[in-house]
Each structure stands twice: as C-alpha cells, then as structure tokens.
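Subject: A structure for you to look at

Hi there,

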Amino acid sequence: MPASDAPHALFTARSMSGQNRAEMRQAFDQSLKLAERNRLVLRVPHEVKPVQNRRDMHYHYRPEIFLQLQGWTDFSFPHKGFRLGPDEMCIIPAGVPHGETVHPGPEKPFRNLVAGFYNNTLSLHFAHEVRPGKPDIEVIEFFDAPNLDVFLTLANTTAQFHSVHGPARETVLKGLLLALLGLFRNIVETGTGGLNSDIGKVFQSKCIVREQFANPELGVQHIAELLGCSPDYLSHLFHTETKERLTHYIQRIRIEGAILALETTTLTISEIAYASGFADPAYFTRVFKQHKGATPQEYRVQIETHRKLQEEQPKTVYFDRLDFTHGVPLDKSAAAPDQAPAAEI
C-alpha cells in the first residue's frame, strides 16, 4: 500500500481482536478449500523491467500477497493491469511497481487481507476503503517468524512458477499454494509478536514505520500528523515507553529491511537504498556502515562467502569422520595415523 495513499487524519490501524483473528482464520480456511479444489484464481504480474520509479506507483523488495474478500481491487502496473475479485489471490513479486484502486461490491464494502514481510517478522492486515478508491489498514497484527525465509521462498517460487508452462504446472502450483496458505493459517492460530504488546500511539507509530518505511518523507512530523498529535509529544511518548528514539527506530527498521533485501534479492545497492526510504544511495551506505560495520556491498560479499563455505562442507559424514560425499570410499590405509583400523572379529 503506497505511503501517499495514507489519509492525513487519525491513523485507523489498531491491534487485532479475537474476532478479527477468527475472521482471518476463516479467510485462510476458505482459500485453502478453494486451492484444494483447484478453484483459487491466482494472479501474478510479470513485468519485463521491474524496479522503476513510476508516478502514483510504488514497489517493495519483498513479495506482497493479497486475498480479496469483498469488492474489487484494480491493480495497475507499468505495462498492464488486472482486477482482483472475491476469492482470488494476487502475489506481487519484489520490485514490481504497482498502484491500487479499490471498489465496493454491489452489496458488501471493499475488504481484503494483505500479507507483508519484514526482517524476521510478517504482518497480516485487513484493508478497507477510507475514501473513494483508496484503501488503508483497518486492523493489523505482526507475527514473529524465525522461518521467514520459508514464507519468502514459497511466495517467490509460486510467483515464478505461475508463468511456467509444462505438464506438471497445475500440480506444482497447487502444492505451493497449499503450503503457503497453510503456513499463514498456522501462524494466525499459534503465532505471536512482541510488537503487538504495544498500545496506543506507540503501536500505531511502529505500524506506520513498518508499513511506510520506503517513503522518503517518513519522519516524526509525518507520523505525528497521521496520529493527530504534536511531534514533540509523540517523540517523548515513544522514548518513554520504548527507551528508543522514534527517529532511531525509523532508521533501524529501514536498515533491517535493507539487510533482508541484500540477503534475499539481486537488487542493486541503489535500488535497495530507494526502496528503503533513502533518497541518496551514498547516505544509505554511510548509515548502513554505522549499523553493520560494513558497506552494503561488503555485507553482500560476506553473505556470498558464507554461503560458498557452507556449500563446500561435506554433505555426508559418518561416525569415523571419513567423507564419502562423492561416493568413492576412502582407502583406510590413507586415513590419519591416529585412526587405528577396527579390530577384526
């Protein structure tokens, strides 16, 4: 949801109640039933050139997932668009610019369920129409997700496989959708998040930061306007309750998001900087180094080096520590001197 679409009035998002959780479970149950019957319509935009700055459009460097519950959402992309209707699902891949215009149904107002991904955290929120054509968060909850990479892998693979044509396409897509929706259903049932323990304007502030950190205009002044209070009051309240300054929190969330992008995408450093809310890639590099002790490029090299070292490790290790990874037994006479041959019986 683009930051520019947020209404300049009292921010409406609030922590989720038991009733809203029940509605969320019902939404995922319905989607699982449709997917099991091969009746869940999946829509995925396939843009030739992602990561473009387009007027009235925004992009994320992680996928975004929409379940349409009521009414319609008209998605626009640089080269095409489509309408998402009730009981349909959309995955927008990382880096794809998009805009959203929503419409109520003939008898029911617009409503959808949106999943977003952060660093070791995922969010699920219901969206409603706050003014003609414009969606905003109705209720939201954040979940701690140590296995976030599993969600991301499933979402990315599902989006990529959607454009594949082959004899097993439908079977593979069905399996991926069932796995992804099942994980969402499970985390709603059993998951919790530390962010949800905050109340009032502190919770709302954190929610705004995590949903809008890509907005370069995001700051204490902007958040205070959305919450209908003064910047000084909000800064004091946030620091009193969290022991962290709101400006530092904004910067930390942006860097955490950039770290996830460096680890899971092939976006350039400049693209990650812009998607993290930094108008200047050079400034982003300086801030990143202050947080991590390395530049973004150096950090990415460290990640790749670590992955290569893991790949070079033996794939199979037996009790005697001899490596048979390549399937050729090692001559025991070539074993280390301190490895005495086993006694014959």
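**A pocket and what lines it**

Helices α2 (148-161) and α7 each give at least two residues to the lining of the second largest pocket. Helices here are DSSP runs of H or I with at least four residues, strands are runs of E with at least two, and both are numbered from the N terminus. The largest share of that lining, 4 residues, is supplied by α2.

The volume of the second largest pocket is about 410 Å³. Of the 21 residues that line this pocket, P93, A94, G95, N156 and Q160 are the closest to its centre. By type, the lining holds 11 nonpolar, 7 polar and 3 charged residues. For these classes, Ala, Val, Leu, Ile, Met, Phe, Trp, Tyr, Cys and Pro are nonpolar, Asp, Glu, Lys and Arg are charged, and the others, Gly among them, are polar.

A pocket is found on a 1 Å grid over the protein atoms alone, as an open set of points where a 1.4 Å probe fits, with protein on both sides within 12 Å along at least five of seven lines; a lining residue has an atom within 4 Å of a point. Points are joined across faces, edges and corners, and the volume is the space filled by probe spheres set on them.

**Before you read on**

Please keep in mind that this is a predicted model, where local features need pLDDT of at least 70 and side-chain atom pairs count only at pLDDT 80 or more, while totals for chains, interfaces and linings use all residues. Residues are numbered from 1 along each chain as its sequence is written, and side-chain values use heavy atoms, with hydrogens and water left out.

**The chain as a whole**

The secondary structure comes to 10 helices and 9 strands. Of the 345 residues in the chain, 48% are buried. Buried means under 20% relative accessible area, exposed means over 50%, and partly exposed is in between (1.4 Å probe, protein chains only).

The chain exposes about 17700 Å², and carbon and sulfur atoms supply 52% of that. These areas come from the Shrake-Rupley method with a 1.4 Å probe. Among contacts with a separation of 6 or more, 69% are between residues 24 or more positions apart; a contact means heavy atoms within 4.5 Å.

**Salt bridges**

How many salt bridges are there? The count comes to 13, where a salt bridge is a side-chain nitrogen of Lys or Arg within 4 Å of a carboxyl oxygen of Asp or Glu.

One of them joins the side chains of E36 and K174, at 3.6 Å from N to O. E36 lies in helix α1 (residues 18-36) and K174 in helix α3 (residues 169-190), so this pair ties together parts that are 138 residues apart in sequence. E36 is partly exposed at 45% relative accessible area, and K174 is partly exposed at 23%.

Other pairs sit within a single helix. E256 and R252 form a salt bridge at 3.0 Å, N to O; both lie in α7 (residues 246-264), 4 residues apart, about one turn of the helix. R252 is partly exposed, at 29%. In α10 (residues 296-312), R307 and E304 are 3 residues apart, again about one turn, and their side chains meet in a salt bridge at 2.9 Å, N to O. R307 is partly exposed at 35%, as is E304 at 36%.

There is also a network of salt bridges that links R25, D29, R185 and E189.

Is L262 buried or exposed? L262, which is in helix α7, is buried, with a relative accessible area of 3%. Leaving aside neighbours within four places in sequence, L262 is in contact with I269, I272, F288, P296, Y299, R300 and I303. The C-alpha atoms of L262 and P296 are 7.5 Å apart, although 34 residues separate the two along the chain.

**Two positive phi values**

Most residues other than glycine have a negative phi. D87, which is not a glycine, has a positive phi of about 65°. D87 lies in the loop between β4 (81-84) and β5 (88-92) and is partly exposed at 38% relative accessibility.

K243 is another residue other than glycine with a positive phi, near 65°. K243 is in the loop between α6 (231-242) and α7, and at 68% relative accessibility K243 counts as exposed.
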